[in-house]
Protein chains: 2
Amino acid sequence: MHTILILGGGKSTLFLIDFLAESCQTKKRKLILADIHLASAQAKLKNRANTQARQLDIEDVESRQLLIKEADVVISMLPAFMHPLVARDCLDFGKHFFSASYESVQMQEMKSEIEAKDLFFLNECGLDPGIDHMSAMQIIDFMKSKNQEIISFKSYCGGLLAPESEDNPWKYKFTWNPRNVVLAGQGTSRYIEKDDLKFVPYHQLFKRLETIQFPGLGDFDGYPNRDSLSYRTVYGLENISTMLRGTLRRAGFCKAWNVLVQLGMCDDGFQMNLPENTTLRQFLNSFLPYDPRLSVEEKLGNLIPDFDFPTWEKIQWLGFFGNDLLPKTTGSPAAILQAILEKNWKLYPEDKDMIVMQHLFEIKSTEGNKEIRSSLVCFGEDSTCTAMAKTVGLPLAIAVDLFLDGKINLKGLHIPVLPEIYNPVLAALKNHGISFREEVRIV
Amino acid sequence: MHTILILGGGKSTLFLIDFLAESCQTKKRKLILADIHLASAQAKLKNRANTQARQLDIEDVESRQLLIKEADVVISMLPAFMHPLVARDCLDFGKHFFSASYESVQMQEMKSEIEAKDLFFLNECGLDPGIDHMSAMQIIDFMKSKNQEIISFKSYCGGLLAPESEDNPWKYKFTWNPRNVVLAGQGTSRYIEKDDLKFVPYHQLFKRLETIQFPGLGDFDGYPNRDSLSYRTVYGLENISTMLRGTLRRAGFCKAWNVLVQLGMCDDGFQMNLPENTTLRQFLNSFLPYDPRLSVEEKLGNLIPDFDFPTWEKIQWLGFFGNDLLPKTTGSPAAILQAILEKNWKLYPEDKDMIVMQHLFEIKSTEGNKEIRSSLVCFGEDSTCTAMAKTVGLPLAIAVDLFLDGKINLKGLHIPVLPEIYNPVLAALKNHGISFREEVRIV
């Protein structure tokens, strides 16, 4: 009898928990869900057979370690910075470890010890990172097996709203950690295009757009994200001419978001201490030059080149030209902006989210060059059963299930770029309605 | 007999050393100059009576502490991050401490101990910070004594070239730490204008300009620098409507520098690892969008709004459109840019630098409002006897001299904002040709 321990039962764990709890009823398994809030964990488990909710303060080392000792496999759904702590315990007590977060440097430092202890540690097995790796590697390895050369690979992903819930000018609401959305893209993004290395500072990022289309869904803005260069090695594409990973927003979003970036409102580097009666209009004005002859609107128009109506409407809709009080007057500009956005970009209970992912390949083959467009679209059911929770949770649940069934027979530190992982996981995801539509075009 | 110890004999210490070495010949004093390079320290002291050069590796705790024990007064001309180390030793061995650097938080934490031990610690006693504080406070205290209300105070300073040495389109060369010049203004600058708090992110900073004029010298660009808000308390101007501290460059410099900022070339946050045969043109291109139909020049023109000829000429003069190899291909973009600039902005031996500083006050008085413009201009003699070394070193030397003569009778932790310090220091600076020209205009 295997015991699975899930640490943290937050918003994105619904499908993960349901999948594994249900597997406990058909397979010889036990599931423990540990969360700081016992009642919340109990509600998620719904008294299903062989499941157990536990209260746990993750900082309480003794309780945490006792719990980990009980398990065979530990899934960490905690905030990313806590993973190394849990992984360390797993190493010490000989437990396998799974997460949907990026493989950190601390994790990489454990590599040889994981191997020596014959354990399996799998990170980056959610949506992005996760499904992106698996679906891309399936195509890459197939092309390599056919001796076809991949000369360009671009991969975009976004967590957005289903079209029927796009009821504001931004066509966006928070379906994921708001702080990460506000800070998205900070630092310098890096990619390679036709053998030219490209570096994009944050204040240029939301202008460096490519229009990405999904059949039946229309246009999206794609912007380059993080360090795409490092993925050349991860994907075994060291000599590729073009490689870019990016993020998707609805067409027009980035131009308006760039206004906030240009103003400095996404800055998280210093603390503001504004008077308590500061209005949104005054907050906006504090980022604009002083000019007694001009209105806030005129000064903003002068600061932003090519300020069109759709952009204007988005800024106005957030209330920046009005005299409502700020929801928060202390903290970084990013924290104050986040509070403003959280008031406006809140999901209604019936809102449906949408995950969109697209891989664009250019292939050189003996019959001529071809383009492959591989697209995933996944809709949520409502603000609880979200596409985000489904696409983050299911790959992880499936990977754990396959591992415990002996169908993933690997040891060591991994991300899901090996066929032994991606083939069975992608096959199982297809059974849950998560699959890619592939179009090929000879150019 | 007092012993003065100077730690570090770098570029800006020439006038400091000369002033204090000469005072050793007329007053009962001894001067020790400790530097990592003994020969360089010896050369600066020129065998003058009662002076002594010593070799010191500042990381060698024992040697450093033995040296500090020999002194009555320690002047740290080391890089700013080393000051707390030296200050700590001074506290432990009961020595007075002087520097031209910003008073750090670590220094502030020593405040009560400095007072308890009846020592005098003076920081920010160079040019900027230093002469700016002293000259401003003399005016502020005078106005207060006349019951005149200061409603606006702007203060600008720049280390530039004397007009006769302005022989490139930037009208700029490095007369000071190149790395600080490349990184200048990063973070968010803060000021208050007509009671409106203003926040300027780095990528807007070099557009937020005010034209500043010096009689006979023409126009300069002034841009807001760092946190001007905190100086309201330092200068006792808590309720002032307008308060801004800024940096001066020659008119037109900031518009061209902004091109480098917009590109992301001043970014110090990540490491590039470019091929060794990368040209300046390719380096520039790596920050531009890919477009096979456009030249590098066209892409740059599209990226930068309002790209005029004087700006174009400055970028071209640095070699960015040519095929010379990069002087350096690894390091942050800022480090590579610095290497490019160091080749181009190098002082010739006969080049003369120039310090410009201007305070602009608006005063409300019973006779009506008036504007005061108080300007300092100081020229260097050549690339060794610079105005920078003079204006940084002399205030510090004079403060030490006055303190040892018992003419500054203070204890505790200070910056030179008190009349007991600024009055005698400014009077002595006047004798060395460093004085402000004041113009008053009724408005």
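A crossing of two helices is left-handed if the near helix is turned anticlockwise from the far one by less than a right angle, and right-handed if clockwise. By that rule, H16(A) passes H17(A) in a right-handed crossing. Helices (H or I, at least four residues) and strands (E, at least two) are DSSP runs numbered from the N terminus.

This is a predicted model, in which local features need pLDDT of at least 70 and side-chain atom pairs count only at pLDDT 80 or more, while totals for chains, interfaces and linings use all residues. Residues are numbered from 1 along each chain as its sequence is written, chains are lettered from A and ligands numbered from 1 in the order in which they are written, and side-chain values use heavy atoms, with hydrogens and water left out.

Two packed helices are described by the angle between their axes and the distance between the axes. Here axes are lines fitted to C-alpha atoms, for helices over the stretch in contact, and angles run from 0 to 180 degrees between N-to-C directions. In chain A, helix H16 (residues 387–404) and helix H17 (residues 419–431) have axes that come within 9 Å and cross at roughly 125°. H16(A) is therefore oblique to H17(A); angles under 35 degrees count as roughly parallel, over 145 as roughly antiparallel, 65 to 115 as roughly perpendicular and the rest as oblique. On the H16(A) side the contact (heavy atoms within 4.5 Å) is made by Leu394(A), Pro395(A), Ile398(A), Ala399(A) and Leu402(A), and on the H17(A) side by Pro424(A), Val425(A), Ala428(A) and Leu429(A). These residues divide into nine nonpolar, no polar and no charged. In this classification Ala, Val, Leu, Ile, Met, Phe, Trp, Tyr, Cys and Pro count as nonpolar, Asp, Glu, Lys and Arg as charged, and the others, Gly among them, as polar.

In chain B, helix H16 (residues 387–404) and helix H17 (residues 419–431) pack at an angle of about 125°, with their axes 9 Å apart. That angle makes H16(B) oblique to H17(B), and the crossing is right-handed. Leu394(B), Pro395(B), Ile398(B), Ala399(B) and Leu402(B) in H16(B) meet Pro424(B), Val425(B), Ala428(B) and Leu429(B) in H17(B). By class, this contact has nine nonpolar, no polar and no charged residues.

Helix H3 (residues 61–70) and helix H4 (residues 83–93) of chain A pack at about 55°, with axes 10 Å apart. H3(A) is therefore oblique to H4(A), and H3(A) passes H4(A) in a right-handed crossing. Arg64(A), Gln65(A), Ile68(A) and Lys69(A) of H3(A) meet Leu85(A), Val86(A), Asp89(A), Cys90(A) and Phe93(A) of H4(A). The classes here are five nonpolar, one polar and three charged residues.

The loops hold some backbone features. The peptide bond from Asp128(A) to Pro129(A) is cis, with omega near 15°, and Pro129(A) lies in the loop between strand S6 (120–122) and helix H7 (131–145) of chain A. In chain B, a cis peptide bond joins Asp128(B) and Pro129(B), with omega about 15°; Pro129(B) is in the loop between strand S6 (120–122) and helix H7 (131–145) of that chain. Lys194(A), a residue other than glycine, has a positive phi near 45° and sits in the loop between strand S8 (188–193) and strand S9 (196–201) of chain A.

Ser241(B) is in the loop between helix H10 (231–234) and strand S12 (242–250) of chain B. Leaving aside neighbours within four places in sequence, Ser241(B) is in contact with Ile151(B), Ile192(B), Glu193(B), Lys194(B) and Asp195(B). From Ser241(B) to Leu197(B) the separation is 44 residues in sequence and 9.5 Å in space, C-alpha to C-alpha.

Finally, the interface of the two chains. About 2700 Å² is buried between chain A and chain B, of which carbon and sulfur atoms give 55%; buried area is the accessible area (1.4 Å probe) that two parts lose on being put together, summed over both. Across this interface the rule finds zero salt bridges.

How values were computed. Salt bridge = Lys/Arg side-chain N within 4 Å of Asp/Glu carboxyl O.
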